[in-house]
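Let's take a walk through a protein together. Keep the picture in view and follow along as we go.

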Amino acid sequence: MKLLLVEDDARLAGAVRTWMGYGGIEVEWISLGQQVEPALNATHYDWVVLDLGLPDQEGETALARLRAAGHDLPVLVMTAREQVQDRVRLLDLGADDFLVKPVHLEELAARLRAVKRRHGAAPDATLRHGPLRLTPASRTVTVDGTYVALTHHEFRLLEALLQQRGRALAREQLLQAMGAEAEEAVGNAVDVHVHHLRRKLGAGLIRTVRGVGYSLGPLD
């Protein structure tokens, strides 16, 4: 499990990282609102914990932008504001929950577990990566709302990379995900399908990881 922590207080960030580590949760820490979208596009996270008092922009701006970009993972906001209207505004902007500072780490962990349970996605939920959407139930792929036609194997390969966003997958893993036939496994089937996906969706979408295989990169 992986948490993106957006917080400019280094002491609090260190405490959150240590506490979450006890529960097996990896924490990546960034301190600027403008870093949120690049981080979400590059790596799969299970939650975002977002402080509103960021040095470069209001946390509300970062929240609104990540929701507008299609990122639908749970977001818990940390704030010093206690007014009801502030909480309503945060929920309307797309927050799943909030904590009023000072934050108690045990409560933070419990709230993260709770929003994860509430946010549990069905197996056929749409997979998102920036403007790209892949919906297993309808077997459709769109970019910025425009349908992109993929073959069966291209679809399965892309689906596997999206499901493991942030990780490099070996060619053998991708072949298994594609359900490739035995004769395809002895050739360069994965490389061919990756080439076709890059041509259809952008050269930077799938990165080559030397000695391993492939992982997702940002859309061009």
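Which strand is L169 found in? L169 sits in strand 10, which covers residues 169-170; helices (H or I, at least four residues) and strands (E, at least two) are DSSP runs, numbered from the N terminus. Before going on, note that this is a predicted model, where local features need pLDDT of at least 70, side-chain atom pairs count only at pLDDT 80 or more, and totals for chains, interfaces and linings use all residues. Residues are numbered from 1 along each chain as its sequence is written, and side-chain values use heavy atoms, with hydrogens and water left out.

Back to L169. Is L169 buried or exposed? With a relative accessible area of 8%, L169 is buried (buried means under 20% relative accessible area, exposed over 50%, partly exposed in between, using a 1.4 Å probe and protein chains only). Setting aside neighbours within four places in sequence, L169 is in contact with A160, L161, Q164, L174, V212, G213 and Y214, where contact means heavy atoms within 4.5 Å. A95 is another story: its C-alpha atom is separated from that of L169 by 32 Å, and the two are 74 residues apart along the chain.

Now hop over to E60, in helix 3 (residues 59-68). E60 counts as buried too, at 9% relative accessibility. Leaving out neighbours within four places in sequence, E60 is in contact with L52, R81, R89, L90 and L93.

Next, the strands. Strands of a sheet pair through backbone hydrogen bonds, either parallel or antiparallel. Here, two strands pair if DSSP finds at least two bridges between them. Strand 1 (residues 2-6) and strand 2 (residues 26-30) are a parallel pair, joined over five bridges, and V6 stands opposite I30 in strand 2.

Inside the order, four bridges join strand 7 (residues 132-135) to strand 8 (residues 140-143), and L134 stands opposite V141 in strand 8.
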